[in-house]
Amino acid sequence: QVQLVESGGGLVQAGGSLRLSCAASGRTVSRYAMGWFRQVPGKEREFLVGISWNGVRTNMTDSVKGRFGVSRDSAKSTVYLQMNSLKPEDTAIYYCTAKPGLLTIGSWVHWGQGTQVTVSS
């Protein structure tokens, strides 16, 4: 069983920054690809970024390129989402996710409970 716990959400002014953390626990989680999605009420969950189990490979949706970054600390089984130049439209619930194996193959299997990010104008 893999458990994911997000933290770091909150209220920030437009143009500001936040860093979200996702602490993973469970067997062989160090071999899992991890990622971040976000969801606005009434809309589908949106993929943001993924990172391979060793941190070497990442993929990111175009809408956040240049503003968001992802990294992971394997020793801490933690993945981070650094969000800069935040905009009101970034307001959403942000979810951490994980899956075994390769970053680009398979569906995301495990999900955290989500953390709210609110960007004020």
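The structure holds 1 disulfide, a term used here for a pair of cysteine sulfur atoms within 2.5 Å. This is a predicted model, in which local features need pLDDT of at least 70 and side-chain atom pairs count only at pLDDT 80 or more, while totals for chains, interfaces and linings use all residues. Residues are numbered from 1 along each chain as its sequence is written, and side-chain values use heavy atoms, with hydrogens and water left out.

The disulfide joins Cys22 to Cys96, with an S to S distance of 2.0 Å. Because Cys22 lies in strand S3 (residues 18–25) and Cys96 in strand S9 (residues 92–100), the pair ties together parts that are 74 residues apart in sequence; strands here are DSSP runs of E, at least two residues long, numbered from the N terminus. The torsion about the S-S bond of Cys22 and Cys96 is about -80°, and the disulfide is therefore left-handed. Both Cys22 and Cys96 are buried, meaning under 20% relative accessible area with a 1.4 Å probe and protein chains only.

Asp90 is placed in the loop between strand S8 (78–83) and S9, and with 1% relative accessibility Asp90 counts as buried. Its side chain forms a polar contact of 2.7 Å with the side chain of Arg67, where a polar contact is a pair of N or O atoms within 3.5 Å and, within protein, one must be able to donate a hydrogen and the other to accept it, residues adjacent in sequence counting only if both atoms are side-chain atoms. The Asp90 side chain also reaches the backbone nitrogen of Lys87 at 2.8 Å. Leaving aside neighbours within four places in sequence, Asp90 is in contact (heavy atoms within 4.5 Å) with Arg38, Arg67, Phe68, Ser85, Val117 and Val119.

Notes
Helices (H or I, at least four residues) and strands (E, at least two) are DSSP runs, numbered from the N terminus. Buried means under 20% relative accessible area, exposed over 50%, partly exposed in between (1.4 Å probe, protein chains only).
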